[in-house]
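Please find below a colleague's note on the model shown here. The points go from the elements of the chain to confidence, surface and individual side chains.

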Amino acid sequence: MNATQAKDRLYGQLAASLKNMSRAVGQTADLFEQLQTDLDAMRVLAGTHAAQFMTVAAELSPETDGGANTEATVVGSTSLKKIHY
């Protein structure tokens with residue numbers, strides 16, 4: 001094999017490597033686009049869950065009336081009474 005053939009073979013390998021790298025970069029760009037979509041959806045979901053959590057917390061928190069509060073809690077078929085001081 002002479003130098004010209006070796007050079008041509010190496011240029012062919014380089015072209016194949018660049019083609020593979022270009023395809024991998026394209027796939028990476030597609031994955032980043034999907035990741036951005038997923039992160040946006042997670043942000044919306046987290047906001048919804050935070051709103052639900054705050055609503056439930058507000059519903060479950062005892063109201064202050066300056067005195068001892070009572071709150072009925074049902075466990076199974078038994079009703080228990082909590083006294084808050």
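1. Helices (H or I, at least four residues) and strands (E, at least two) are taken as DSSP runs and numbered from the N terminus. On that basis the protein chain has one helix and two strands, in the order α-β-β from the N terminus on. Helix H1 covers residues 3-60.

2. This is a predicted model, in which local features need pLDDT of at least 70 and side-chain atom pairs count only at pLDDT 80 or more, while totals for chains, interfaces and linings use all residues. Residues are numbered from 1 along each chain as its sequence is written, and side-chain values use heavy atoms, with hydrogens and water left out.

3. Confidence is expressed as pLDDT (the predictor's confidence in each residue, from 0 to 100). The protein chain has a mean pLDDT of 83, with 74% of its residues at 70 or more. Among its elements, H1 has the highest mean value (96) and strand E2, residues 78-84, the lowest (48). Over residues 74-85 the pLDDT is below 50, although the model gives this stretch 18 contacts beyond near neighbours in sequence; a contact means heavy atoms within 4.5 Å. Where pLDDT is low, the predicted coordinates should not be read in detail.

4. Of the 85 residues in the protein chain, 1% count as buried. The chain exposes about 7,600 Å², of which carbon and sulfur atoms supply 61%; areas come from the Shrake-Rupley method with a 1.4 Å probe, and for residues only the protein chains shown count as cover.

5. A nonpolar surface patch is formed by Tyr11, Leu14, Leu18, Met21 and Val25, which together have about 520 Å² of accessible area. Patches are made of residues with over 30% relative accessible area and no salt bridge, joined within 9 Å for like charges and within 5 Å for nonpolar side chains (Val, Leu, Ile, Met, Phe, Trp, Tyr). Met21 lies in helix H1.

6. The structure holds one salt bridge, defined as a side-chain nitrogen of Lys or Arg within 4 Å of a carboxyl oxygen of Asp or Glu. Asp40 and Arg43 form it, their closest N and O atoms being 3.8 Å apart. Because these two residues are three apart in helix H1, about one helical turn separates Asp40 from Arg43. Asp40 is partly exposed, at 30% relative accessibility, and Arg43 is exposed, at 57%.

7. Met1 belongs to the segment before H1. Its relative accessibility is 73%, so Met1 counts as exposed. Leaving aside neighbours within four places in sequence, Met1 is in contact with Ala6 and Arg9.

How values were computed:
Buried < 20%, exposed > 50% of the residue type's maximum accessible area, 1.4 Å probe, protein only.
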